[in-house]
Amino acid sequence: MWTQDSLQQLVRDQLSDYLFVVVSNREPYIHNHVNDKIECIVPASGLTVALDPVMRACGGTWVAHGSGTADREVVDARNRVLVPPDTQNYTLRRVWLTENEVDKYYFGFSNETLWPLCHIVYQRPEFNVDDWNTYKYVNRLFADAVLDEIGGRKAFVFIQDYHLTLLSRMLKAKNHRIISAQFWHIPWPNREAFRICPWQNEILYGLLGNDLLGFHIAYHRNNFLDTVDRTLECRIDYERFSVSHADHTTFVSPFPISVDFDRISENVQKPEVEQEMTALKKKYGLSNEIVGIGLDRIDYTKGIPERLKAVDLLLTRYPKYKKKLVFFQLAEPSRIKIKKYQDLNDEIDNLVEQINSKHQTTDWKPITYIKEHKSPVTLRAFNRMARFCIVSSLHDGMNLVAKEFVSSRVDETGVLILSRFAGAARELDEALLINPYAVDEIAETIYTAIEMPVELQKKRMLRLRHKVCENNIYRWAADIITELVKIESI
Ligand code: GDG
């Protein structure tokens, strides 16, 4: 079983000669001005939630875009601040971007091109040359910051996600003592989908600058190899899953990301979570109602309208649940500058209003929509109060909300309803699996979840907890580091 301590030991034994550097667009802690004070928040991002415990264990430096309104005020002369605020285990080095750069590199190329290109949810990607040029330029800014941190030393650079596809080659061109791994947090689509990208060659060439490339599941790895095979002149070794191209070999493997199971299981039992549960019950007038939850960044890949429609259908088909069921949709607005996200926000607002006005009574409404950033304590309280949690992603790399729900269920009850199209479904097959496009199927599955006897809930939940406990975030990081060390010694 991998723990924070055993991961720390692995890093000490295997990487002691190397500086450990994580690079991502999103920072793990954001400092904002709130009413004349500076507040530090944890963003709603699966990537940072997963990587933070790894950095707590390994130490080192995390390079990321400083996006908070007070970020510049808390850094030193080299744009660094120690985080987490309470334990200060590692250094956060902030990269500054102008509004124009954020618009084109982040909202533009990253989230209007690559995000819809990789998630097959029938949203057309935008291909804008200006965005692409800014994306290249911003990758260079990140490279400069990383190289400055490393200062010519040996370093293991762990690059995150689709915002930084060109980084590894830029780094290695300046410092050959760098070894790099990149983890792709979203799906890799099939080659027909990817080939429409006018810059596919540059992106693939950039990614193949890494020594190791990780995906959540073997299916995404295979899609990537197939894409490379049909696009570049290269040699693919299907025994070792490696690609040799332009005198460099990249190993490509699946590493299913996870959560800090032990920490979540421990935290949900703290008195502040109990107090929050009591406060929430009072605030929303709950006594014995059946509580369901959905918890997401507001994103068109997460299938939020589909699950709301399923709650509507359930109540129409089974009116016995009226006044008995309350579904909480907890949602954090995200990428709101992009039109498709604005439209989705409007669609969800309207749906909630329509469904509530169709079913509500004087003292009850079926859906409580909480559209704001919530503290980890509030999220834990909801995870504990829920009889069922719906994850209905139309396409998702992994989905940590599902694993957090399982980790929170220290009472071993509760039912997870999980989309077949989320990477998590490959592991968590004791969940009730759904096709999120089939509203009828979601509604019937909610019925099954509500009616499931406690013994059966426990049987399934125990198995789920066992899996998440064993395949935790420390194992994910340890597997990547072990693989990298093996590659280095080849
Ligand atoms: C990408 C991939 C992959 C949500 N609202 C609040 C809040 N959250 C937290 C959740 C969870 C995280 O945000 C969301 O993680 P997901 O994994 O569901 O999704 P993405 O952000 O799309 O992440 C995904 C992940 O990367 C990791 O590789 O699993 O497939 O798309 O931890 O709890 N956190 C706080 N307040 C909120 O209001 N504090």
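Salt bridges number 34 in this structure, which is a predicted model. The structure also holds 29 aromatic pairs, and in two places the charged end of a side chain sits over a ring, as with Lys 154 over Tyr 18 and Arg 335 over Trp 115. The points below take up selected contacts by topic, together with the elements they join and the exposure of the residues concerned.

**Salt bridges**

- Asp 71 and Arg 94 meet through their side chains in a salt bridge, with 3.0 Å from N to O. This pair links distant parts of the chain, since Asp 71 belongs to helix H3 (residues 71–74) and Arg 94 to strand E6 (residues 90–95), 23 residues apart. Both Asp 71 and Arg 94 are buried.
- Glu 99 pairs with Lys 337 in a salt bridge whose closest N and O atoms are 3.5 Å apart. Because Glu 99 lies in helix H4 (residues 99–118) and Lys 337 in the loop between strand E14 (325–332) and helix H13 (339–359), the contact ties together parts that are 238 residues apart in sequence. Glu 99 is exposed, at a relative accessible area of 59%, whereas Lys 337 counts as partly exposed at 44% relative accessibility.
- Asp 130 forms a salt bridge with Lys 104, and the closest N and O atoms of this pair are 3.1 Å apart. Asp 130 is in helix H5 (residues 129–150) and Lys 104 is in helix H4, so the bridge ties together parts that are 26 residues apart in sequence. With a relative accessibility of 39%, Asp 130 counts as partly exposed.
- A network of salt bridges links Arg 78, Arg 80, Arg 93, Asp 148 and Glu 149.

**Aromatic pairs and a cluster**

- Among the 29 aromatic pairs of the structure is the one formed by Phe 127 and Trp 199, which is tilted, with 6.4 Å from centre to centre and 55° between the planes. Phe 127 lies in the loop between H4 and H5, and Trp 199 in the loop between helix H7 (191–194) and helix H8 (200–207), so this pair ties together parts that are 72 residues apart in sequence.
- Phe 127 counts as partly exposed at 30% relative accessibility, whereas Trp 199 is buried, with a relative accessible area of 11%.
- Trp 188 and Phe 224 form an edge-to-face aromatic pair, with centres 4.9 Å apart and 90° between the planes. Trp 188 is placed in the loop between strand E8 (178–183) and H7, and Phe 224 in helix H9 (residues 218–231), so the two tie together parts that are 36 residues apart in sequence. Trp 188 counts as buried at 1% relative accessibility, and Phe 224 counts as buried at 0%.
- One aromatic cluster is formed by Tyr 105, Phe 109, Phe 127, Trp 132, Tyr 135, Phe 142 and Trp 199.

**Charges over rings**

- The charged end of Lys 154 sits over the ring of Tyr 18, at 4.9 Å from the ring centre.
- For Arg 335, the charged end sits over the ring of Trp 115, at 4.1 Å from the centre of that ring.

**Pro 376**

- Pro 376 is found in helix H14 (residues 376–385), and is partly exposed, with a relative accessible area of 39%.
- Pro 376 and Arg 169 are 207 residues apart along the chain, and their C-alpha atoms are separated by 37 Å.

How values were computed
Residues numbered from 1 in each chain as written. Predicted model: local features only at pLDDT ≥ 70, side-chain atom pairs only at ≥ 80, totals over all residues. Heavy atoms only, no water. Salt bridge = Lys/Arg side-chain N within 4 Å of Asp/Glu carboxyl O. Helix = DSSP H or I, 4+ residues; strand = E, 2+ residues; numbered from the N terminus. Buried < 20%, exposed > 50% of the residue type's maximum accessible area, 1.4 Å probe, protein only. Phe/Tyr/Trp six-rings, centres within 6.5 Å; stacked < 30°, edge-to-face > 60°. Lys NZ or Arg CZ within 6 Å of the ring centre and 35° of its normal.
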